[in-house]
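Thanks for passing this one along. Here are my notes, in numbered points, for you to read beside the structure.

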Amino acid sequence: MSASPALEAVRARRSWSKVTDAAPTRAELLTLVAAAGRVADHSSLRPWRLIELRGADRERLGAAIAKAEGDGKPSTKPLRAPVLIAVVASYRKSDKVPRWEQEAVASGVAHVLSLLLDEAGWGVIWRTGHYTRSKAVAKAHGLGKNEELLGWLYVGGKPAGARGGRRKAVEARTLVSRMPKAAKKK
């Protein structure tokens, strides 16, 4: 089996904890989001949205994180990348699609978007924290009562000569099994 471009892109993906100030344009981002939004989505609910944070938006997020943590000094964490993309699960009423499945769709969009950004040459890392579910951070993002923040994609340029974080190989044989055989009737 020859490796497809998609397979090679997934195999090459790394998290970039340090990035440069270079960043994708809004137009570039929108193109990638349109593609990422094609993830499997039962009933096509689109139970997600993304919030683009640039410039002073990141400072306002730092203040909200500080408030959530009871710290008087704004957090500098959001300043680690020039663009942050907040990943929001935006739950829809549905008799067919449970809440967990809608959150899985939002997570899928974030993951595919991170792959597309990486393939386009950008350094990306998905960051979370206990404060993602805090009232102060939700308010700063303008979240509705049916929404939850899942974290942020931190996006920037890949530093020259730097390599992304290393990941251990996945031993697929230990993670893929077959359904157990039916029990013998007595």
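Predicted model: local features only at pLDDT ≥ 70, side-chain atom pairs only at ≥ 80, totals over all residues.

1. V170, L175 and V176 make up a nonpolar surface patch, and together they have about 350 Å² of accessible area. V176 sits in the segment after α6 (172-175). With a relative accessible area of 62%, V176 is exposed, because the cut-off for that class is over 50%.

2. The protein has 6 helices and 4 strands, and along the sequence they follow the pattern α-α-β-α-β-α-β-α-β-α. Its C-alpha atoms fill a box of roughly 70 × 45 × 30 Å along the principal axes. Of the 186 residues, 38% count as buried. The protein exposes about 12300 Å², and carbon and sulfur atoms supply 54% of that area. Among contacts between residues at least 6 apart in sequence, 80% join residues at least 24 apart.

3. The sheet is worth a careful look. It is an open sheet of 4 strands in the order β1-β2-β4-β3, paired antiparallel. β1 (48-54) and β3 (122-127) stand at the edges with a single partner strand each, so one side of each has no neighbour in the sheet. From one strand to the next, the twist averages 25 degrees.

4. Which strands pair with β4 (residues 147-157), and over how many bridges? β3 pairs with β4 in the antiparallel sense over 6 bridges, and β2 does so, also antiparallel, over 8 bridges.

5. Helix α3 (residues 56-69) lies across β1, β2 (83-90) and β4, and runs at about 105 degrees to β1. Helix α4 (residues 99-119) packs on the sheet and touches β1, β2, β3 and β4. The direction of α4 makes about 5 degrees with that of β4.

6. On to charges: side chains of opposite charge can pair when their charged atoms come close. The structure holds 9 salt bridges. One of them joins R60 and D57, whose closest N and O atoms are 3.3 Å apart. Both residues lie in helix α3, 3 residues apart, which is about one turn of the helix. R60 is exposed, at 54% relative accessible area, whereas D57 counts as partly exposed at 25%.

7. Where does E148 find its partners? R99 forms a salt bridge with E148, with the closest N and O atoms 3.5 Å apart. Because R99 lies in helix α4 and E148 in strand β4, this pair ties together parts that are 49 residues apart in sequence. R99 is partly exposed, with a relative accessible area of 47%. The side chain of R133 also meets that of E148 in a salt bridge, at 3.2 Å from N to O. This second pair links distant parts of the chain, with R133 in the loop between β3 and α5 (135-141) and E148 in strand β4, 15 residues apart. R133 counts as partly exposed at 46% relative accessibility. If you display these side chains, include E103 too: R99, E103, R133 and E148 are linked in a network of salt bridges.

Note on methods: Residues numbered from 1 in each chain as written. Heavy atoms only, no water. Patch = residues over 30% accessible without salt bridge, like charges linked within 9 Å, V, L, I, M, F, W, Y side chains within 5 Å. Areas by Shrake-Rupley, 256 points an atom, 1.4 Å probe, with all protein chains shown as cover. Salt bridge = Lys/Arg side-chain N within 4 Å of Asp/Glu carboxyl O. Helix = DSSP H or I, 4+ residues; strand = E, 2+ residues; numbered from the N terminus. Buried < 20%, exposed > 50% of the residue type's maximum accessible area, 1.4 Å probe, protein only. Pairing = 2+ DSSP bridges. Axes fitted to C-alpha atoms, helices over the stretch in contact; angles between N-to-C directions. Contact = heavy atoms within 4.5 Å.
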